[in-house]
Amino acid sequence: VAERALTALGYEVTVADDGEQAYAAFVARAGSFDVVVLDMRLPTMSGGELLRAIRADSPDTPVILSSGFVEAEERRALLRTPHTEFLQKPYRIAALAAAIQRLRGR
């Protein structure tokens, strides 16, 4: 759903099946991502772990985390990371677009 929404918004989308694959794609195309959208529950590497890896390589890359369920404290800790937004699933395309605009406007 997010892939279709982002494509409809005019973005080129790279999809990964798990956290390690996502990180490998991020590293291979360093500097080419306008925004990264991550699910908190990914196989092989959690969204939080992937966020930390991305931040180590590229502290200013905008990241949107998404989950249907995340502990409040975990969410607060992740949102203290600069250039980071959180979208509660299910979300509307308009909410995704607004989060991207907020992040890119910083």
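I began with the fold: strand 1, helix 3 and strand 2 form a right-handed β-α-β unit. Right-handed means that, with the strands pointing away from the viewer, the path from the first strand over the helix to the second runs clockwise. Helices (H or I, at least four residues) and strands (E, at least two) are DSSP runs, numbered from the N terminus.

I noted the ground rules. This is a predicted model, where local features need pLDDT of at least 70, side-chain atom pairs count only at pLDDT 80 or more, and totals for chains, interfaces and linings use all residues. Residues are numbered from 1 along each chain as its sequence is written, and side-chain values use heavy atoms, with hydrogens and water left out.

**Strands**

I looked up the pairing next (two strands pair if DSSP finds at least two bridges between them). Strand 1 and strand 2 run parallel, joined by four bridges. Val-37 stands opposite Ile-64 of strand 2. Strand 2 (residues 63-67) also runs parallel to strand 3, with five bridges. Here Leu-65 has Phe-86 as its bridge partner, and Ser-67 stands opposite Gln-88.

I then checked burial (buried is under 20% relative accessible area, exposed over 50%, partly exposed in between; 1.4 Å probe, protein chains only). Five of the five residues of strand 2 are buried. Both of its faces are covered: Val-63, Leu-65 and Ser-67 on one side, Ile-64 and Ser-66 on the other. Strand 3 (residues 84-88) has four of its five residues buried, so the rest of the structure largely encloses it.

**Salt bridges**

I counted four salt bridges. The criterion is a side-chain nitrogen of Lys or Arg within 4 Å of a carboxyl oxygen of Asp or Glu.

- Asp-34 bridges to Arg-104, with the closest N and O atoms 3.8 Å apart. Asp-34 sits in the loop between helix 2 and strand 1 and Arg-104 in helix 5 (residues 93-104), so the pair ties together parts that are 70 residues apart in sequence. Asp-34 is partly exposed at 38% relative accessibility; Arg-104 is partly exposed at 45%.
- Asp-39 and Lys-89 meet at 2.1 Å, N to O. Asp-39 belongs to strand 1 and Lys-89 to the loop between strand 3 and helix 5, 50 residues apart. Asp-39 is partly exposed at 22%, and Lys-89 is partly exposed at 36%.
- Glu-85 bridges to Arg-102, the closest N and O atoms being 3.0 Å apart. The two are 17 residues apart, Glu-85 in strand 3 and Arg-102 in helix 5. Glu-85 is buried at 10%, whereas Arg-102 is partly exposed at 40%.

**Pocket**

I turned to the largest pocket, which holds about 800 Å³ of space. On a 1 Å grid over the protein atoms alone, a pocket is an open set of points where a 1.4 Å probe fits, with protein on both sides within 12 Å along at least five of seven lines; lining residues have an atom within 4 Å of a point. Grid points are joined across faces, edges and corners, and the volume is the space filled by probe spheres set on the points.

Which residues lie nearest the centre of the largest pocket? Of the 33 lining residues, they are Leu-6, Val-13, Thr-14, Val-37 and Leu-38. Helix 1 (2-8), helix 2 (19-28), strand 1 (36-39) and helix 3 (47-57) each supply at least two lining residues. I sorted the lining by class: 23 nonpolar, three polar and seven charged. Ala, Val, Leu, Ile, Met, Phe, Trp, Tyr, Cys and Pro count as nonpolar, Asp, Glu, Lys and Arg as charged, and the others, Gly among them, as polar.
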